[in-house]
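Open the model in your viewer and keep the selection tool at hand. The stops below go from one selection to the next.

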Amino acid sequence: MDSSEKLYESCSKGLFFLAGPCVIESKDIALKTAYALADIAQRLGITLIYKSSFDKANRTSVNSYRGPGLEEGLRILEEVKRKTNLPIVTDIHSADQAKPVAEVADVLQIPAFLCRQTDLLVAAGNTQKIINVKKGQFLAPLDMKHIVGKVQSTGNGKIWLTERGSSFGYNNLVVDMRSINIMSSMAPVVFDATHSVQLPGGKDGCSGGQREFVPVLAKAAVGAGAAGVFMEVHPDPDTALCDGPNSLALDNVEGVVQSLLKIYDA
């Protein structure tokens, strides 16, 4: 059993977490956050996968910060992994990124806007890493079966599906908790508590968010049967370069995780 299969099996044994800053801002912030999350994971006995993006290709404005790019981003993620022993999850946006990213990351994440891109899904699946596909804001839960089929066509069955809310009019999202139950018949479901409270666009070049509802929706999702929880966290969300309004403060992570574990155990 390789490391990817071991991680997938480990995550099947209890509530697991994907957490970290939305985007890599600096090596110092990455390591500070990762060390704190590694300590929490050890104290609480949970599986936690460090998440951060080397590039955010779907920012609202051309002037928005995107990240350090593939080469520097992977170098920082590799250092985080080596120094904290946390597994890594990060986004890929094109098929050619799958192979180099798989050399560092344990989980390849497919962004919601790209969840139907066949070449991207097949390239990701061919790495035989865990593939976390975010359900598009525009897709019905049942439609995710076709996306699962694309990844499985590569012989890779290590798939997670992530619920991240559905478009609700303009600049708003709503979460249908039935989605978790529906998609659970296809693959383990992760709940994205960060982007589900995002207010997409609408702020003259950036998105807003309501981070106060992150714990509320995460609790509901775990109660509805989510296998994992995705949370973007930052030492100081108000100064974050991406998704600050809907990111959880690092100091609040442990308390939120403890409350979710109680619901999961119940």
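Select helix 2 (residues 27-44) and helix 3 (residues 70-84), whose axes come within 10 Å and cross at roughly 30°. Angles under 35 degrees count as roughly parallel, so helix 2 and helix 3 are roughly parallel to each other. Their crossing is right-handed. This is a predicted model.

Now show side chains where the two helices touch. On helix 2, pick Lys27, Ala30, Leu31, Ala34, Tyr35 and Ala38; on helix 3, their partners are Ile76, Glu79, Val80, Lys83 and Thr84. By class, this contact of helix 2 with helix 3 has 7 nonpolar, 1 polar and 3 charged residues.

Next, select helix 8 (residues 214-223) and helix 9 (residues 253-265). Their axes lie 9 Å apart, and the packing angle is about 25°. Helix 8 is therefore roughly parallel to helix 9. The crossing of helix 8 with helix 9 is right-handed.

Which residues of helix 8 meet helix 9? Select Pro215, Ala218, Lys219, Val222 and Gly223 in helix 8, which meet Val256, Ser259, Leu260, Ile263 and Tyr264 in helix 9. The contact of helix 8 with helix 9 divides into 7 nonpolar, 2 polar and 1 charged residues.

For the last stop, turn to the largest pocket, which holds about 610 Å³ of space. Then colour the lining by class: 11 residues are nonpolar, 16 polar and 8 charged. Finally, highlight strand 10 (residues 198-202), which gives the largest share of the lining, 3 residues.

Methods
Residues are numbered from 1 along each chain as its sequence is written. This is a predicted model: local features need pLDDT of at least 70, side-chain atom pairs count only at pLDDT 80 or more; totals for chains, interfaces and linings use all residues. Side-chain values use heavy atoms; hydrogens and water are left out. On a 1 Å grid over the protein atoms alone, a cavity is a set of points where a 1.4 Å probe fits but cannot get out, and a pocket is an open set with protein on both sides within 12 Å along at least five of seven lines; lining residues have an atom within 4 Å of a point. Grid points are joined across faces, edges and corners, and a volume is the space filled by probe spheres set on the points. Helices (H or I, at least four residues) and strands (E, at least two) are DSSP runs, numbered from the N terminus. Ala, Val, Leu, Ile, Met, Phe, Trp, Tyr, Cys and Pro count as nonpolar, Asp, Glu, Lys and Arg as charged, and the others, Gly among them, as polar. Axes are lines fitted to C-alpha atoms, for helices over the stretch in contact, and angles run from 0 to 180 degrees between N-to-C directions. Angles under 35 degrees count as roughly parallel, over 145 as roughly antiparallel, 65 to 115 as roughly perpendicular and the rest as oblique. A crossing is left-handed if the near helix is turned anticlockwise from the far one by less than a right angle, and right-handed if clockwise. Contact means heavy atoms within 4.5 Å.
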